[in-house]
Amino acid sequence: MKKTGAEILIECLKKEGVKHVFGYPGGVVLNIFDVLYDEKDIKLILTRHEQGAIHAADGYARASGKVGVALVTSGPGATNTVTGIANASMDSVPLVVFSGQVPTMLIGNDAFQEADIVGITRPCTKYNYLVKDVNDLAQTVKEAFYIALTGRPGPVLIDLPKDVTVGKTDFVWPEHVKIRSYNPTYEGNKWMIKQAAHEIAKAKKPVIMAGGGVIISGASKELKELAELMHIPVTMTLMGLGGFPGTHSLSMGMLGMHGTYYSNMAVQNSDLIIGIGVRFDDRVTGKTASFAPHAKIIHIDIDPTSIRKNVRVDIPVVGDVKSVLREMLKVLKEEGVREQWSAIRKAWLKQIEQWKHERPLTYNYEENVIKPQFVVEKIYEVTKGDAIICTEVGQNQMWAAQFYKYDKPRRLLSSGGLGTMGFGFPAAIGAQFAYPDALVIDIAGDGSIQMNIQELATAVINKLPVKVAILNNHYLGMVRQWQEMFFKERYSYSNLDVVPDFVKVAEAYGAKGFRATKPRDVEPVIREALKVKDRPVFIDFLVDWKEKVFPMVPAGASIDEMIFEEKKEEEEKKLRAVK
Amino acid sequence: MRHTISVLVENKFGVLSRISGLFSGRGYNIESLSVGETIDPKISVMTIVTKGDDQIIEQITKQLNKLIDVIKVVDFIEIDHVEREMVLVKVAPKKENRIEVLKLVEIFRGRIVDSGAATFTIEITGDEGKINAFIELITPFGIKEFVRTGKVAIAREGTKRQ
């Protein structure tokens, strides 16, 4: 029996094991939505904005490692996903986005709700398709999932003209897919791996720099084994947090612009950087000319274009991180004598301990005003580190990276590359669908949360117990921080002036709202919020608006040129070191 | 340094845009670009002439290879090869110069492909040096129109990478 394109599409999604599709209906996708009306195996989650849908699919993918799926209509529906697609592209998140399109005969006529979404998304997708014939549909969907998830993952968009989803044909599912021009390299070059292993064995002051590739590749175990076997300290990029346990004695936390003092010092003083699944982004390297000046650089990444894009590389290894690390461990175990490493690294690890002791991550605790770092710290304590943390972008994101310790991969979902405000909340919704029983918390700012606040409705209707901790300082905090530090305190358009009553907003949507105004309220309010299991919760933390993120490396400076919190004498004793 | 890069691609709509978008999006420069089908109508070959230091050229070839529709990338800088370009020039020489123009065409082994009362259209094929020399010599006679195909290149048989 012949099926319509819409029916074939849903059959394809089932074959791919898709359970959740995030989307929003509209004219040219009505026939697809009509098929979904009777569908039992696939749930469409109706968001309140297509940007919410795409970020939710993204959060779903980041949390689960599966492909996130979104379905939107043509024109504005499609263009509303562009930010989310670019966001997923920068952070290598596997997505398949289906956009409706006007009928093929109308394409190019400036028809109602027509947009050249394939043209618009060409530079921010891994690949995209315009399906012109219903007979190509199944093959296209199969290829799209394959491309999205393999190699360096990324978003793929499929544009579906109305006549293609209405047209009928036999459904034939291609069991295998092979694209002659697309063959990602998984196995690293053995000779290169051997060279890398030799350098690691020889190095006196090595540092492992772990990035998102470790998490995507599922290589946390191998990374830990390498670090422990060779006694190498590990620093992580924002995307890499959780790839190595944050509480491990070899962990130095995050590096870069708001990285820890000891991470940045270790990198700048090391004689060997082992970059694993990283792309040496400018927020991590600072001034590239003076990045790790004394070090050789080993760079392991599945994407050859990442190598030598930003920094010089002495030993490139193109391949899947997990497979390369396995091979490397084999070589190292064959060659080295286990005991010698601890002796060789002793001085280096001692130096790092000293840096850790010299300048730990700190903030000035006050009794009358809530410090945002204190909120993050308390969330960590109360959840015992066992939560999926989403962030928005700006100060909230950096404090969430600094003061929450991630011991497992896929526990921090943050917009790293594109830096998209409004990402965290819908991403948290997506993550909650992937893990209904997990505790999912979005650490937000009052600016960011307003960028996709409409998704409260999505969370309420689906009874999602997502928690949103709003670090409310009435400012675009990171912008304000830069203006204070680099623009002579000229706070040009960074004061939000009117900030809604978030407790009332939450309640207006049928969610729960809490507020904390004093440090002593913080913990009890978090505990109360965690008790709510049947609806989303907003917690409005009125925090010190003057607080800044430290350490900070000014733009264009070397990463050891850090600025620290100013300490007044009397406040010195209150300075809290974070254990 | 100038590089001639040959890119074998799937002959699908949108591929040219992916390639040109890669160059414009990343701030690389295209000096010339020529595209045509190969013997296999499913595959096209693009010959791109671009400029950049080693790091930029390395990025260009890697980024090209990363595109899903790209089957193969060859940078001819390492390969002994033949390069050709064709130009069509419409000149309107003064009456007393017409003979001289025809001689020039002959010297460059060009052809007159069209001639009118006051103009000749000349076809010249060759490598960059020859084309440039011809342009230099023909310019004083009065060029009315000028088009060039962009370079195409092919490796010499039996030569190895240098």
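1. The model under discussion is predicted, and the remarks below should be read on that basis.

2. Chain A contains an open sheet of six strands, paired in the parallel sense and ordered E11-E10-E9-E12-E13-E14. Its edge strands are E11 (251-254) and E14 (315-318) of chain A, each of which pairs on one side only. From one strand to the next, the twist averages 15 degrees.

3. Within this sheet, strand E9 (residues 206-210) of chain A and strand E10 (residues 234-236) of chain A form a parallel pair over three bridges. Met209(A) has Thr235(A), in E10(A), as its bridge partner.

4. Helix H9 (residues 190-202) of chain A packs on the sheet, where it touches strands E12 (272-276), E13 (296-301) and E14 of chain A. The direction of helix H9 of chain A makes about 135 degrees with that of E14(A). Helix H14 (residues 321-335) of chain A also packs on the sheet, touching E12, E13 and E14 of chain A; the direction of helix H14 makes about 125 degrees with that of E13(A).

5. Turning to chain B, Glu10(B) lies in strand E1 (residues 2-10) of that chain. Is Glu10(B) buried or exposed? Glu10(B) counts as buried because its relative accessibility is 11%, and the cut-off for buried is under 20%.

6. Which residues are in contact with Glu10(B), leaving aside its neighbours within four places in sequence? From chain A these are Arg180(A) and Ser181(A); from chain B they are Val15(B), Lys42(B), Asp69(B) and Ile71(B).

Methods: Residues are numbered from 1 along each chain as its sequence is written. Chains are lettered from A and ligands numbered from 1 in the order in which they are written. This is a predicted model: local features need pLDDT of at least 70, side-chain atom pairs count only at pLDDT 80 or more; totals for chains, interfaces and linings use all residues. Side-chain values use heavy atoms; hydrogens and water are left out. Helices (H or I, at least four residues) and strands (E, at least two) are DSSP runs, numbered from the N terminus. Buried means under 20% relative accessible area, exposed over 50%, partly exposed in between (1.4 Å probe, protein chains only). Contact means heavy atoms within 4.5 Å. Two strands pair if DSSP finds at least two bridges between them. Axes are lines fitted to C-alpha atoms, for helices over the stretch in contact, and angles run from 0 to 180 degrees between N-to-C directions.
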